[in-house]
Amino acid sequence: MKKKKKNLLTEVELEFMNELWAIDEGTVRDVLGRLPESRGLAYTSAATILRILEQKSFVTSRKEGKSHVYIPTLARDAYQSRSLKDLSAKLFDDMPASLVARLVNDEDLTEEALGQIRAVVDRRLKNDSG
Amino acid sequence: MIPGELLLDAFLNANILLSVAYLIWRCVRGLMARTGMEQAYGSQLKILNSVFLLIIFSPLIIHAYLSLKNVGFTINVNFNLSDMVVSHYLNGGFEMKASDLEGLIRMRDTFMLNVVNGDGWIAQIVIAVFSVGFILGVTRLFYSIKCLRGIVKKSYKWRSFGRIRIQLSDRTLVPFSTRGLRCYYVVLPSHMLAQSHELRVSIAHELQHIRQGDLEWEIFLEALKPLFFLNPFFHAWKRQIEDLREFNCDSKVLNRGVIDVKTYCETLLSVCQNTLRRDRAFVIAVPKVTLVTANRSLARQGKLGLLEHRILSALDLRPIKRQKFMFVMTTLPLAVVLLITTICVQRSGDWSQDRLMLSTVVNLERLDEINRLSTFGRIRN
């Protein structure tokens, strides 16, 4: 299959990847089964989305009997970093500090969440200096 | 005539014909609306396309006419507009200074000669504007094709049957179709896979465009755009074709009865919302035929846009009978009028009796003017 390089996922693809990350690997039916019934997605459409994900190198597949089992090639964390880098570049002039500042200044952020952010930053600083 | 002059002459004729044809077409369309044929979109589109072909091939028609005239096969009636005006003038139809009339009649010849030889500042400005516009137009066309190729190339193959390839793309939010040398491409936004109704409507709509031959017409008109960019009637004509092909496509898809009006209109509205968010590369990519096009400026002005017209038309769709008959009955008189106009606007090929007479009158006027002047430039009473 011809591979195409594509950095980011569309909304539907992300939905599929989230399900695959949750189950580590799965067939079209496995992923479809995890989606809410209201989604009303046809089997062929789901198969096409997974095929596109394979062409974009986000998943690989192996044949098991009559069906394909899809395995994510990119970890969720790695995609999160990639997505944030893209957001930072496109919306925050490539300055991650602005992104974090916007996040921290969000009024909806609870004390607990702020504490967690501080802990993450402290740990990172400690690791870097140590 | 030298080839440059010949080409310019054909080009000017095509521009004049296009303007005349557009004005006649507006009257015809108004008449059709009054006689309950407003929704005969298929016939209207065919009429416009046939007339456009007639205009483009008018130089060949003229060539055939002149060849027949030279061997004496045509009726002995002079259709040339300038000859008719001269004849009317000589018969006392209107008053004017003979030299002014001659200047007016020779205006086109003078202009053409000046443009071909690059004489005078007006001709030089015309040449410069046309050259810049043409080069920009051709560059834009190639860049647009490159953008479109990029979108199609980076899309994912979904289905294919015959020469039709259905592709899925993350780079477009609006379904569209285009064609290569051999294959037709229907490109759908990949997010549509999750919306089966929209997917069905989009595929039906785009396949109908392919069936109607809209892609070929779009390519043809886009290719001619750099040549006719100065003619506002060309742009108006293209807009008419674009609107009519959408109306025709909507009515054909809905008349088939597989998709209901509500789903169809909802898809149009949903895709239109996405159109307003589309990226620049998609906007400039041509030649393509999209499911919907949204006009922000019209929306801002509060005017009825094409989409609103399309939805109203879809909701009020009535079967139109005898469309073929109407097409023939409208195209024939239109073609005859245009053929006569084509012959009328030609440059007079030779010196007719009337033209010789006009030239004599001009010379007599000049002699009289000289006689009225004394040797020292004073006017004799």
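Student: How much of chain A counts as buried?
Tutor: Of its 130 residues, 18% count as buried, where buried asks for 20 or more other C-beta atoms within 10 Å of the residue's own, exposed for 12 or fewer, and partly exposed lies in between, with C-beta atoms placed from the backbone. This is a predicted model, in which local features need pLDDT of at least 70 and side-chain atom pairs count only at pLDDT 80 or more, while totals for chains, interfaces and linings use all residues. Residues are numbered from 1 along each chain as its sequence is written, and chains are lettered from A and ligands numbered from 1 in the order in which they are written.
Student: Is A:Ser38 buried or exposed, and why?
Tutor: A:Ser38 is exposed, because 5 other C-beta atoms lie within 10 Å.
Student: And where does A:Ser38 lie?
Tutor: It sits in the loop between α2 (28-34) and α3 (43-55) of chain A; helices (H or I, at least four residues) and strands (E, at least two) are DSSP runs, numbered from the N terminus.
Student: New topic: how many residues of chain A are in contact with chain B?
Tutor: Twelve residues of chain A are in contact with ten of chain B, contact being C-beta atoms, placed from the backbone, within 7 Å. On the side of chain A that touches chain B, α1 (11-23) and α3 each supply at least two residues, and α3(A) gives the most, with five.
Student: Which helices and strands does chain A have overall, and in what order?
Tutor: Chain A has six helices and two strands, running α-α-α-β-β-α-α-α from the N terminus on.

Note on methods. Contact = placed C-beta atoms within 7 Å.
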